[in-house]
Every structure is written in C-alpha cells, then in structure tokens.
Amino acid sequence: MCLLLGATGVGKTLLLKRLQNILQQLMGAQADLGEAPVTLPTVGTNLTDLILRKRKITVRELGGCMGPIWPKYYSDCTSVIFVVDCANIVQISSSCVQLLSVLSAEPLQSAAVLILFNKRDLPCTMSLVELKALFRMDDVIKTAPQSISTLEISARSGQGLQELLSWLFSNRSHDTG
C-alpha cells in the first residue's frame, strides 16, 4: 500500500487520474493525456490500483482535511507520496509541518518517501532551490530514517509523471502480484 498525502487542493486526485491515464496509454488503450479532468476535494479516502507489467500497486489517497486521522492508515503502508502545492505560498509552511509529522511517525520509519513539488507549470511557483531551503530538505533527508526522494511535477501537464511511475514501480516492497 502506498499512501498519497498532502494538504487540501495540492492535486492528489488529479495526480492519480493522470497516472491511470498514462498507464492506459502504455497499454495502448488511450492516445494521449487529454484535458485535465475536473476534480473535487477528497473527503475520506480513495483507493486506486495502478497496474504495470502485471505488477499492481494500491494507492490510498487521503483527503487533506483528514490530516488529523492520517496516522490510522500508516500501519499497512510501505511507501508514502507527499504532495506539496508549489503555487500556494501560504500553504507551504503547513505542508512542511505535516511532512515532518508524517516522517516522525513510528509505523512509517521504514517506508520509502517521495516528496512531490506539484504545479510546476504555474508561473507563480517558487524555485526548487527556494522550496528545498524552506523545507530544510537537506537536513530532513540526513536525519530522517526513511529513504527520501524529491521530484518536481505538474499533474495537469504531465511533467514528471513518468519519473513518478518509475519510482513507484521500482520500489520492490510494493509487489502484490
């Protein structure tokens, strides 16, 4: 199980829909990503199976409004994707606090973690250097027990999503079939 976490409105639902579209493309079922679908904030949880070359990964998206009860879902988790909205400067500090809380959770000490800096296609985003400095990413990576990777993406345009799929499917702890 992979948990997909992040504040409300960071693009988690769109990200999952785009990943499903890319996998359908790879199977020849769809020609291109097409227009970004309309999404609504997730209240509760969404389970999505991503299948590539007979390997299945179940991604559990937890709504940002469910932050206080995220820990109830940590026990069966082998990896975490934490999404940050680069275009929402006001939300950056709370995302940092949420991330540190996730990383310090005992059940997630051995989980692989991918931090996604989303909405890179918008003109008002901070640079990756600025974002990493705000998150003190070098210190976080050095001190956290988890294996942590970072990636710049745009769920809307598709930028970085192939790399995200590569990360998901290269983590052998996900195998379910």
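Which residue in β3 is the bridge partner of Thr-45? I looked this up to begin with, and Leu-62 is the bridge partner of Thr-45 in β3.

**Entry 1: basis of the model**

I note that this is a predicted model, in which local features need pLDDT of at least 70 and side-chain atom pairs count only at pLDDT 80 or more, while totals for chains, interfaces and linings use all residues. Residues are numbered from 1 along each chain as its sequence is written, and side-chain values use heavy atoms, with hydrogens and water left out.

**Entry 2: the chain as a whole**

I found five helices and six strands in the chain; helices (H or I, at least four residues) and strands (E, at least two) are DSSP runs, numbered from the N terminus. I read the order of elements from the N terminus as β-α-β-β-β-α-β-α-α-β-α.

Of the 177 residues in the chain, 50% are buried. I use buried for under 20% relative accessible area, exposed for over 50%, and partly exposed for what lies in between (1.4 Å probe, protein chains only). The chain exposes about 8700 Å², and carbon and sulfur atoms supply 55% of this area; the areas come from the Shrake-Rupley method with a 1.4 Å probe, and for residues only the protein chains shown count as cover.

I also looked up the contacts, meaning heavy atoms within 4.5 Å. Among contacts in the chain with a separation of 6 or more, 70% come from residues 24 or more positions apart.

**Entry 3: the sheet**

I found an open sheet of six strands, in the order β2-β3-β1-β4-β5-β6 and with mixed pairing. Two strands pair if DSSP finds at least two bridges between them. The strands β2 (45-52) and β6 (147-152) stand at the edges with a single partner strand each, so one side of each has no neighbour in the sheet. On average, neighbouring strands of this sheet are turned by 20° against each other, direction ignored.

I then went through the pairs of strands. Eight bridges join β2 to β3, and these strands run antiparallel. The two form a hairpin with two residues between them, and Arg-53 in the turn has a positive phi of about 50°. Strand β1 (residues 2-6) runs parallel to strand β3 (residues 55-62), and three bridges join them. Leu-3 stands opposite Arg-60 in β3, and Leu-4 has Glu-61 in β3 as its bridge partner. Seven of the eight residues of β3 are buried, so this strand is largely enclosed by the rest of the structure. Seven bridges join β4 to β5, and these strands run parallel.

I noted that helix α2 (residues 89-104) lies across β1, β4, β5 and β6, and that it runs at about 170° to β4. Axes are lines fitted to C-alpha atoms, for helices over the stretch in contact, and angles run from 0 to 180 degrees between N-to-C directions.

Why is β5 described as largely enclosed by the rest of the structure? I found seven of its seven residues buried, which means that the rest of the structure largely encloses β5. In a regular strand the side chains alternate between the two faces of the sheet. In β5, Ala-112, Leu-114, Leu-116 and Asn-118 point one way and Val-113, Ile-115 and Phe-117 the other way.

My search of the whole structure gave one aromatic pair. Phe-117 and Phe-135 form this pair, which is edge-to-face with 5.9 Å centre to centre and 80° between the planes. Phe-117 lies in strand β5 (residues 112-118) and Phe-135 in helix α3 (residues 128-135), so the pair ties together parts that are 18 residues apart in sequence. Rings of Phe, Tyr and Trp (its six-membered ring) pair if their centres lie within 6.5 Å; planes under 30 degrees apart count as stacked, over 60 as edge-to-face and the rest as tilted. Both Phe-117 and Phe-135 are buried.

**Entry 4: Asp-85**

I placed Asp-85 in strand β4 (residues 79-85), opposite Asn-118 in β5. Asp-85 counts as buried because its relative accessibility is 5%. The side chain of Asp-85 makes a polar contact with the side chain of Lys-119 (3.0 Å). A polar contact is a pair of N or O atoms within 3.5 Å; within protein, one must be able to donate a hydrogen and the other to accept it, and residues adjacent in sequence count only if both atoms are side-chain atoms. A polar atom of the Asp-85 side chain also lies 3.3 Å from the backbone nitrogen of Asn-88.
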